[in-house]
Amino acid sequence: MKNGKVAVLSGDGIGPEVMEQAMAVLKAAEGRFGFQLEYTRADVGGIAIDNHGKALPDSTVEICRASDAILFGSVGGPKWESLPPAEQPERAALLPLRKIFGLYANLRPAKCYQQLIHASPVKNEIIPHGFDILVVRELTGGLYFGQPKQTVKTETGERAVDTMVYETGEIERVAHVAFRAAQKRSKKVAVVDKANVLECGQLWRRTCKAIAPQYPDVAVEFIYVDNAAMQVVRNPAHYDVMLCENTFGDIISDEVAAVAGSLGMLPSASLAEGTFGLYEPSGGTAPDIAGKGIANPIAQILSAALMLRFSFAMDEAAVAIEQAVEKVIASGLRTGDIFSAGTTKVGTAEMGAAIAAAV
Ligand code: IPM
Ligand code: MN
């Protein structure tokens, strides 16, 4: 698709400054590959609370509806932390967006580049070549959305209920995403569940076992989530695709991101049926460094690359951006979060400009 529409939701904290660099890199890609996307900006998160009274204004939803993809920055910050949980930017913006647009498949790559293994908290001799894990997280089911979901008063206090519920079809569709992704990678899927305790876990296991024969080139293993949490620290390089239900994927994806070393490098894609998707960095708003021009823009830039790949079928342009990032890393440029002795420390804008130039 050469003339698609993108809703640009930069949000709060470092969102706007890293988004600016992603836009510059997209512009470079447009120039090189001869396409032109139309970008419409809209408020989301804390800034939307300030300007419109809620984290996800209807006007923003309409702009997203009129678009082919959402390029998302990050939301939240100290200013809005005292709001009731349900009104806080993160929850009040992201969860409805996921539900409204049916973003059921969340792809969270946690790649530890060989040149950056020093940034990983794991002993470097365990990961001499870095590693490359893709967490595929189910994003619109499970405990996050299951009903009943409520808190009631009791004689002795309160009683809170969340419901983990999955249907076969919800598991199948995200499992297909995981298996197809594995076919393009190292051809391994680890299904992460709690089948020893949870009914849902047993259904996940049965459903994935039934699908696996459709992908004879992919090796499948099943692992309980507690064990998975341990193994990704002991031997992250063992894993390729890790398929998780919503809550387990929330936790495991943060864990592998931390093991990979820099949150500032990790993009994500949340995909709907068809080609619509929301693309955002895995890290947060980093309020401590916001506005200083030192944030790492790479996660936002790689999120834009994922957008070109999944929503606009421009794999070539996506690969060009990914290779530009690798080239700039190889050339020794580093933002503060990935800096080490012997490399060159740069700010957000310089990093973005170098990547745009490499595209
Ligand atoms: C994430 C976040 C969200 C989630 C929160 C902010 C609702 O932690 O995207 O992983 O739990 O899914
Ligand atoms: Mn999370």
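Okay, one definition to begin: when I say a residue is near a molecule, I mean that one of its heavy atoms lies within 4 Å of it. And keep in mind as we go that what you see here is a predicted model.

So, let's start with ligand 1. Which residues surround ligand 1? Going along the numbering, we have Glu90, Leu95, Arg98, Arg108, Arg137, Tyr144 and Asp250. If you sort that shell by class, you get five charged residues and two nonpolar ones, with no polar residues.

Where does the shell come from? Helix α4, which runs over residues 89–100, gives the most, with three residues. In terms of domains, at least three shell residues come from domain 1, that's 1–105 plus 263–359, and at least three from domain 2, which is 121–260. So much for who is around the ligand; now the contacts.

Three of these residues put a polar side-chain atom by an oxygen atom of ligand 1. For Arg98, the distance is 2.7 Å. For Arg137, the distance to a ligand oxygen is 2.8 Å. And Asp250 has a polar side-chain atom 2.9 Å from an oxygen of the ligand. How much of ligand 1 does the protein cover? On its own, the ligand has 320 Å² of accessible area, and the protein covers 74% of that. Oh, and about the pocket: the space that ligand 1 takes up is the second largest pocket.

Go to Gln147 and Pro148 first. Is the peptide bond between them cis or trans? This one is cis, with omega near 0 degrees. Pro148 itself sits in a loop, with strand β5 (131–138) on one side and β6 (150–153) on the other.

Then move along to Lys187. This residue isn't a glycine, and yet its phi is positive, at about 60 degrees. You'll find Lys187 in the loop that links α5 (168–183) to β8 (188–193).

Note on methods: Residues numbered from 1 in each chain as written. Chains lettered and ligands numbered in written order. Predicted model: local features only at pLDDT ≥ 70, side-chain atom pairs only at ≥ 80, totals over all residues. Heavy atoms only, no water. Polar contact = N/O pair within 3.5 Å; in protein donor to acceptor, adjacent residues only side chain to side chain. Areas by Shrake-Rupley, 256 points an atom, 1.4 Å probe, with all protein chains shown as cover. 1 Å grid on protein atoms, 1.4 Å probe; cavity = no way out; pocket = protein on both sides within 12 Å on 5 of 7 lines; lining within 4 Å. Sits in = over half its atoms within 2 Å of the grid points. Helix = DSSP H or I, 4+ residues; strand = E, 2+ residues; numbered from the N terminus. Nonpolar A, V, L, I, M, F, W, Y, C, P; charged D, E, K, R; others polar. Domains from an automatic or database assignment.
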